[in-house]
Amino acid sequence: MGAAFKKFCIRFCCCCCCEDDEDEEEKRPLLSHDTLEYFDREAKKRRDQETNLWNEPGDPSHSERDDDRTLYNLLQTRAQTQRGTHGYRRLSVDIEAMRDMRREVRDKWKMILENLGFMAEAESLLTVSTSASYDRMRNAAVARSLLQTLHTETSIFNRKEAPPERYLFILDRLIYLDAAEDFVAKARRFYPPKDDDDDEEDNTGRINLPLLLSRMNQNISGGEDEDEEGETTGPED
């Protein structure tokens, strides 16, 4: 009876008797709560990659490489440290120092890509997500060989450390675009290898991973003492 009455109203009445039902349908969200949570998680992953530039992007634990593990532990320690304390500020400085080094490498790659003509595509080419998989690479062996060439024959990377795996995926894309060899040639030209003296001078500003680990342990053990000193400053990001 109710359904028939609604149909009658819709067909013959100038005022719709089903406005309440239509309003309810309009207010109903288009996406479910689970879908919104999924998109939120994916957005956080992208921000995490863009901020920290993990050298092993496919490792969700960030434990396979020493430098990734150190940065991850610093972030975890800072999250458990009271904001405004000396320990929190020192951890923030160390974290930003590691991030700056990674951004510096990324900026070198971006400059070369733009020089090759990829002005609009550089950002997309340099974006590597957590879903990056070696199984999906088209030319893994060639990409690894070119990455090793860049590591030994240019100064793009720190030659005392293994080259970041994230750039393996970028080289695979460049091979597909038939631009990998040109990229390596530009890298040799713009960032020639440094001699031993230059390396030693350049390494004075490099991150000392053992020192960072020592500082992190000191912050863990000494965090309570700092809180008791009553150091009160504004919150820091």
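A nonpolar core is a set of buried Ala, Val, Leu, Ile, Met, Phe, Trp, Tyr and Cys residues joined through side-chain atoms within 4.5 Å, where buried means under 20% relative accessible area, exposed over 50% and partly exposed in between, with a 1.4 Å probe and protein chains only. In the largest such core of this predicted model, which has 29 residues, Trp 109, Leu 150 and Ile 156 touch the most other members.

The model is predicted, so that local features need pLDDT of at least 70 and side-chain atom pairs count only at pLDDT 80 or more, while totals for chains, interfaces and linings use all residues. Residues are numbered from 1 along each chain as its sequence is written, and side-chain values use heavy atoms, with hydrogens and water left out.

**Nonpolar cores**

- Leu 150 is in contact (heavy atoms within 4.5 Å) with Trp 109, Ile 156, Phe 157, Leu 171, Phe 183, Val 184 and Ala 187, when its neighbours within four places in sequence are left aside.
- A second, separate core has seven residues, among them Leu 74, Leu 75, Leu 91 and Met 98.
- In soluble globular proteins, nonpolar side chains tend to be buried together.

**Helix α5 and its packing with α9**

- Helix α5 has 30 residues and spans 43 Å from its first C-alpha to its last, close to the 44 Å expected at 1.5 Å a residue, the expected span being 1.5 Å times one less than the number of residues.
- Helix α5 (residues 86–115) packs with helix α9 (residues 180–190) at an angle of about 120 degrees, and their axes are 10 Å apart; axes here are lines fitted to C-alpha atoms, for helices over the stretch in contact, and angles run from 0 to 180 degrees between N-to-C directions.
- On the α5 side, Trp 109, Met 111, Ile 112, Leu 113 and Asn 115 meet Phe 183, Lys 186, Ala 187 and Phe 190 of α9.
- By class, this contact of α5 with α9 has seven nonpolar, one polar and one charged residues, with Ala, Val, Leu, Ile, Met, Phe, Trp, Tyr, Cys and Pro counted as nonpolar, Asp, Glu, Lys and Arg as charged, and the others, Gly among them, as polar.

**Positive phi values**

- Most residues other than glycine have a negative phi.
- Leu 53, in the loop between α3 (33–52) and α4 (66–79), has a positive phi near 45 degrees, and this residue is buried, with a relative accessible area of 4%.
- Asp 178, in the loop between α8 and α9, has a positive phi near 60 degrees, and at 69% relative accessibility Asp 178 counts as exposed.
- Gly 117, which follows α5, also has a positive phi, near 110 degrees.

- Leu 147 lies in helix α7 and is buried, with a relative accessible area of 2%; beyond its neighbours within four places in sequence, Leu 147 is in contact with Phe 157, Pro 163, Pro 164, Tyr 167, Leu 168 and Leu 171.
- Leu 147 and Pro 164 are 17 residues apart in sequence, and their C-alpha atoms are 8.9 Å apart in space.
- Glu 165, in the loop between α7 and α8, counts as buried at 12% relative accessibility, and its contacts, leaving aside neighbours within four places in sequence, are Asn 55, Glu 56, Arg 65, Tyr 134 and Arg 144.

Terms used. Helices (H or I, at least four residues) and strands (E, at least two) are DSSP runs, numbered from the N terminus.
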